[in-house]
Each structure stands twice: as C-alpha cells, then as structure tokens.
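Me: I have a model open and would like to learn how to read its features one by one. Could you take me through it?

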Amino acid sequence: MSTIAVTDAGFEGEVLKAEKPVLVDFWAEWCGPCKQIGPVLEDVSGEMADKVTIAKVNIDENPEAPTRYGVRSIPTMLLFKGGEVAAMKIGATSKTDLTAWLNENL
C-alpha cells in the first residue's frame, strides 16, 4: 500500500472516521524536507499497512485542515486515532526514527 492524498473535503471521512490509525503528513511542493521524507513515508506505508494508513495533505491546495490543527511548519505529521490527534512529529526524520515513533504511539 502506498500513501494516499487527502483533501480538505475528504479529511473527515478518510482521517477522522477511519477505522485504523492515520498518520497525516502536512507538506508542500516547495518544501525541501517534505520531499526528503516522501520516500520514507512510502516505505513505511508499505511495511506498516496493517497497522496505520499514511495520508498526505498538500497545505497549499488544502489550507483548512492544517489551520484547524495548528500546523505552523512543515513537514508536520499528526497521528490520528479514533478521530483525535494522538501524537505529533515536526520535521523530516529517518525511517528508523519514524518507525520507532509510530510503534510507540500506535
């Protein structure tokens, strides 16, 4: 499984009402660290597909969700469980650190 693109219109259904936890990566095309972490998220989405869905929200095209959750810098990753924010990670990180953080918070 690969990451899914989520829009403001689909945020409630795909993230807040999801059956399993969803890691949302808030990013933008012009953001260097966002591009760095993209392949890491793709890898993790395949390896942890049974535990978590990884979604990406482009903040330039979808300003509503990042505003609602107070995203002030990117990349910001929010882990949603049962429609609530369970954890937050800001900035690009290694696959090892991201996987450990996810396992800690799932």
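Reply: Gladly, and let us begin with Thr99, which lies in helix 4. Helices (DSSP runs of H or I, at least four residues) and strands (runs of E, at least two) are numbered from the N terminus. This is a predicted model, in which local features need pLDDT of at least 70 and side-chain atom pairs count only at pLDDT 80 or more, while totals for chains, interfaces and linings use all residues. Residues are numbered from 1 along each chain as its sequence is written, and side-chain values use heavy atoms, with hydrogens and water left out.

Me: Which residues is Thr99 in contact with, leaving aside its neighbours within four places in sequence?

Reply: Contact means heavy atoms within 4.5 Å. With those neighbours set aside, Thr99 is in contact with Val44 and Met48.

Me: Where does Thr93 lie, and is Thr93 buried or exposed?

Reply: Buried means under 20% relative accessible area and exposed over 50%, with partly exposed in between (1.4 Å probe, protein chains only). Thr93 lies in the loop between strand 5 (84–90) and helix 4 (95–105), and its relative accessible area of 16% makes Thr93 buried. Beyond its neighbours within four places in sequence, Thr93 is in contact with Ile37, Val40, Met77 and Leu98.

Me: Let us turn to the sheet. What is the order of the strands?

Reply: Strands of a sheet pair through backbone hydrogen bonds, either parallel or antiparallel. Two strands count as paired if DSSP finds at least two bridges between them. Here an open sheet of five strands has the order 1-3-2-4-5, with mixed pairing. Its edge strands are strand 1 (4–5) and strand 5, each of which pairs on one side only.

Me: How many bridges join strand 2 to strand 3, and how many join strand 1 to strand 3?

Reply: Six bridges join strand 2 to strand 3, and these two run parallel. Strand 1 and strand 3 also run parallel, joined by two bridges.

Me: Is strand 3 mostly covered or mostly open?

Reply: Strand 3 is mostly covered, with six of its six residues buried. Thr53, Ala55 and Val57 point one way, Ile54, Lys56 and Asn58 point the other way, and all are buried.

Me: What should I look for in a nonpolar core?

Reply: A nonpolar core is a set of buried Ala, Val, Leu, Ile, Met, Phe, Trp, Tyr and Cys residues joined through side-chain atoms within 4.5 Å. The largest one has 17 residues, of which Phe11, Val15, Val24, Phe26 and Ile74 touch the most other members. Helix 1, strand 2 (22–27), strand 3 (53–58) and strand 4 are the elements that give two or more residues to this core, and strand 2 gives the most, with four residues. Apart from this core lies another, of 14 residues, among them Leu41, Val44, Leu98 and Leu102.

Me: Which residues does Ile74 touch, not counting those up to four places away in sequence?

Reply: Ile74 touches Phe26, Trp27, Ala28, Trp30, Cys31, Cys34 and Ile59.

Me: Two of those are cysteines. What joins Cys31 to Cys34?

Reply: A disulfide is a pair of cysteine sulfur atoms within 2.5 Å. One joins Cys31 to Cys34, with an S to S distance of 2.4 Å, and a search of the whole structure finds one disulfide. The torsion about the S-S bond is about 80°, so the disulfide is right-handed. Cys31 and Cys34 are both buried.

Me: How do I read the aromatic pairs?

Reply: A pair of aromatic rings is described by the distance of the centres and the angle of the planes. Rings of Phe, Tyr and Trp (its six-membered ring) pair if their centres lie within 6.5 Å; planes under 30 degrees apart count as stacked, over 60 as edge-to-face and the rest as tilted. A search of the whole structure finds three aromatic pairs. Phe11 and Tyr69 have ring centres 5.7 Å apart and planes at 35°, so this pair is tilted. Phe11 and Phe80 have centres 5.6 Å apart and planes at 80°, so this pair is edge-to-face. Ring pairs link Phe11, Tyr69 and Phe80 into a cluster.
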